[in-house]
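Colleague: I would be grateful for a close look at a single part of this model, followed by its wider setting.

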Amino acid sequence: MGSPENGSDEPLTPTGRLVLQKEMNLVIYSAIGMKQPLDVDALKSMIQSSPMFTHPRFCSLLVQDSAGREHWRRTCLDIDRHVIPVYGPIAEGLSDEAAVNEYLVDLSTDLPGFLGDDKPLWDVHLLMAQRCMVFRIHHALGDGISLMSMFLVLCRRVDDPEALPTIRPPSSAKRRRGSGGEWWKAVMRVLGVVWFTLVFVVEFMLRSMWVSDRKTPVSSGAGVELWPRKLATARFWLEDMKAVKSAVANATINDVLFGIISAGLVKYLDHRSPNAVREGTQITGMAMVNLREQPGLQELSTLMKDNPGLQWGNKVGILLLPVHYHRSCGDPLEYLRKAKSMIDRKKKSLEAHFSYKIREMVMSYPGARAATLLNYRIFCNTTFTISNMFSPHEEIAAVGNPITYIRVNVSGLPHALTLHMVSYAGRADMQIQVAKDIIPDPEFLAECFEDALLEMKAAASTALNSKK
């Protein structure tokens with residue numbers, strides 16, 4: 001990387017610097033399936049006329065100064081270097097879904113050319129045979145909410161070709177205002193926040209030092225981020241998830257998702273290594289949490305147009321979410337109840353905000369190496385990563401071509417198992433990325449997750465019928 005030549009270069013944010021360290025070099029991949037054949041010229045024109053082509057992060061080279069600190073330097077974009085058509089079959093004998101997943105894995109190993117200093121850190125691969133666009137974007141350019149919102153600015157609703165898509169995350173129950181005589185409830189809520197924050201922050205700090213999960217067949221450790229990968233997709237219907245959610249009072253889709261993961265992991269471990277995991281063993285997940293109030297798509301597109309960089313970047317905290325292994329759980333809904341109970345306690349804490357602030361503080365003072373060590377140890381002392389993102393409920397199109405699915409995965413994490421779910425138009429697809437020398441059969445793991453939801457749905461239906 002060259003050194004900055006003038007004062008117009010913009011320094012990276014602390015989090016941007018963190019995700020560029022060799023131990024935490026994170027790249028986001030998004031596969032966008034299309035209903036009709038891809039029109040290369042139309043897609044190039046769409047990207048050239050979009051905020052992506054003018055936003056400072058997407059129009060800047062990554063450079064270093066003499067002290068080794070990274071900066072963004074504006075440059076001119078060449079659309080032909082960023083949009084790459086891929087003609088012909090990309091894998092023989094595989095379904096389109098498997099072929100796209102294989103391509104995503106291969107793309108994650110082709111990073112040296114992608115991470116050069118001669119072009120901005122993003123590109124789009126057009127898989128013509130599979131009718132799929134693959135966006136490859138370095139995490140230093142933004143977090144999932146920022147990048148998803150930028151992509152959706154390029155799209156329009158199928159049922160109203162002039163209208164922008166909308167993102168409506170599930171609404172939580174509104175807090176009821178207490179009367180003056182209920183001041184003590186407010187005090188108890190504050191005390192609860194303080195207590196749970198203290199408990200979870202202490203656990204978070206211990207995880208950053210020496211406390212780690214007990215070894216299981218899905219455990220990993222230092223260096224695993226460099227191991228060969230495999231990728232599979234688990235597919236869910238949102239209506240099924242909502243049916244399960246309705247069986248437990250005040251449950252959310254996130255509660256259902258974590259219940260599915262808990263049940264699916266137990267199924268997989270029982271099949272893979274019967275009796276190898278001790279009863280009650282904790283398997284800890286790291287959940288990536290959006291810390292900004294998710295704005296509407298139109299507002300974010302206006303912000304990017306009028307004030308480039310405003311509200312942009314990586315505003316993500318971390319929650320530690322434990323799964324406890326139990327061989328026998330007669331009622332499948334018990335996984336949901338336990339997930340909801342645990343997540344409710346997490347919601348009462350400031351753990352995610354603390355993780356974000358401590359990371360920013362360590363990056364700003366001790367520096368990037370210290371922050372990298374802190375984050376890397378937390379990853380190495382836990383077992384898996386999980387994220388969940390909501391995209392439009394309605395069907396959308398890019399350049400008039402309806403989108404059939406939206407899937408996301410991330411490379412560069414030192415976990416043998418990473419799970420990234422995106423819901424779109426009534427479906428929820430979860431990308432299951434694994435270190436194949438540790439988890440050789442992600443397709444079977446995907447089946448375990450899908451079966452877990454179907455079992456919960458059957459249990460929910462039985463519970464509902466018994467009440468009638």
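In which helix is L191 found?

Modeller: L191 is found in helix α7, which covers residues 183-207; helices are DSSP runs of H or I with at least four residues, strands are runs of E with at least two, and both are numbered from the N terminus. This is a predicted model, in which local features need pLDDT of at least 70 and side-chain atom pairs count only at pLDDT 80 or more, while totals for chains, interfaces and linings use all residues. Residues are numbered from 1 along each chain as its sequence is written, and side-chain values use heavy atoms, with hydrogens and water left out.

L191 counts as partly exposed because its relative accessibility is 48%; buried means under 20% relative accessible area, exposed over 50%, and partly exposed in between, with a 1.4 Å probe and protein chains only. Together with W183, W184, V187 and M188, L191 makes a nonpolar surface patch of about 570 Å². Accessible areas come from the Shrake-Rupley method with a 1.4 Å probe, and for residues only the protein chains shown count as cover.

Of its 468 residues, 54% count as buried. The protein chain exposes about 21100 Å², of which carbon and sulfur atoms supply 54%.

Terms used:
Patch = residues over 30% accessible without salt bridge, like charges linked within 9 Å, V, L, I, M, F, W, Y side chains within 5 Å. Salt bridge = Lys/Arg side-chain N within 4 Å of Asp/Glu carboxyl O.
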